[in-house]
Amino acid sequence: MRAVLIKGGKGSVDNLYVGEAPDPVLKENEVLVKIVAFGLNRMDIIQREGNYPPPPGSSDILGVEFSGTVAKLGPGASKWKVGDEVFGLAGGGAYAEYIAVLETHLLPKPANLSWVEAASIPENFLTAFQAVVLYGEIHGNDDVLVHAGASGVGVAAIQLARINGARTVTATASTQEKLDWLLSLPNGATHTANYKTEDFSAVVKGVTAGKGVDLVVDFVGQSHWDKNIDALGRDGRMVLLAMLSGSTVTSTNIAPILYKRLKIQGSTLRSRTPEYQAELIARFDREALPKITGTNGTGPIKTYIHKVYPWTEIQNAHREMEANKNSGKIIVEVV
């Protein structure tokens, strides 16, 4: 099959190319999917650079989310039939014509979603669902702070917080254009802060009349740590999804964690067990997927596409994400 490969196994964006790779071999309870489209995630860049190895047993090919049609059933697989339209989550291998994936990690593609829209959902929305609903324990009338608000996961987290009753959702981003866009979305942010020019902890204290937020969803890590702790109110929760600014906080005051009774939860998805992922996917299918439509749909949650590239332009797609230009999801089509 053809797949997006990396010259030398790792390197810069210039090392990406479409070449030949071995066909996937189906294991017990796996399904072969012919891929139509796949989503880009920041972890793809980190893996391409050699700093994020895939989980044991997963493909070394980049990509964890995709949409496509069932092409073949592996031994023991019975949930799907050849020709079914699906989308799903994998530990790797989505930048390819075909992918082998556990049958429990696929969802039926809703008729009201395009292939591109379906491919934009799995990693973003499952990560956001885990952060906001499972670990974030969102309650009605919560005040929420979401960092990297214009990213795919950020947009998903904002909407999930809103439909689960959040009183306010403050989103951070780096440009006024992104902030204005987030405020314009149905069930989008209620307030915003430019983290480059504003103190977001001061902003949320103003929004909450000094109380602070109940939940922080953070991708940034080191540079946001102290302000996140300051922004949280009593009994607040913070879910840490990534460490884009670095992992080491050289000096911090831990007293507020004690006195405000804060709960801080690290959250990963790719490294979780297949059983955990399957349970999360099943719960997401029940509680959230029926509410998701495309940008022009009428559902309370929408998936927003920043730009679609053919996979012959995979280098440009990675450059777009590296430059932090996207508001919404970057999707690539297999052509």
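The model is predicted, so local features need pLDDT of at least 70 and side-chain atom pairs count only at pLDDT 80 or more, while totals for chains, interfaces and linings use all residues. Residues are numbered from 1 along each chain as its sequence is written, and side-chain values use heavy atoms, with hydrogens and water left out.

**Two packed helices**

Two packed helices are described by the angle between their axes and the distance between the axes. Helix H3 (residues 122-135) and helix H9 (residues 274-287) have axes 11 Å apart, at an angle of about 85 degrees. H3 is therefore roughly perpendicular to H9, a label for angles of 65 to 115 degrees. Axes here are lines fitted to C-alpha atoms over the stretch in contact, and angles run from 0 to 180 degrees between N-to-C directions. Helices are DSSP runs (H or I) of at least four residues, strands (E) of at least two, numbered from the N terminus.

Which residues of H3 and H9 meet? Among them are Phe 125, Phe 129 and Val 133 in H3, and Tyr 276, Leu 280 and Phe 284 in H9. Contact means heavy atoms within 4.5 Å. The contact of H3 with H9 involves ten nonpolar, one polar and two charged residues. Ala, Val, Leu, Ile, Met, Phe, Trp, Tyr, Cys and Pro count as nonpolar, Asp, Glu, Lys and Arg as charged, and the others, Gly among them, as polar.

H3 is largely enclosed by the rest of the structure, because 13 of its 14 residues are buried (under 20% relative accessible area; exposed is over 50%, partly exposed in between, with a 1.4 Å probe and protein chains only).

**Aromatic pairs**

The structure holds three aromatic pairs. Rings of Phe, Tyr and Trp (its six-membered ring) pair if their centres lie within 6.5 Å; planes over 60 degrees apart count as edge-to-face, under 30 as stacked and the rest as tilted. Two of the pairs are shown here:

| Pair | Centre to centre | Angle of planes | Type |
|---|---|---|---|
| Phe 129 and Phe 284 | 5.8 Å | 80 degrees | edge-to-face |
| Trp 181 and Tyr 304 | 5.6 Å | 85 degrees | edge-to-face |

Phe 129 lies in H3 and Phe 284 in H9, so their pair ties together parts that are 155 residues apart in sequence. Phe 129 is buried at 2% relative accessibility, and Phe 284 is buried at 1%.

Is Trp 181 buried or partly exposed? Trp 181 is partly exposed, with a relative accessible area of 21%, whereas Tyr 304 is buried at 9%.

Definitions and conventions:
Angles under 35 degrees count as roughly parallel, over 145 as roughly antiparallel, 65 to 115 as roughly perpendicular and the rest as oblique.
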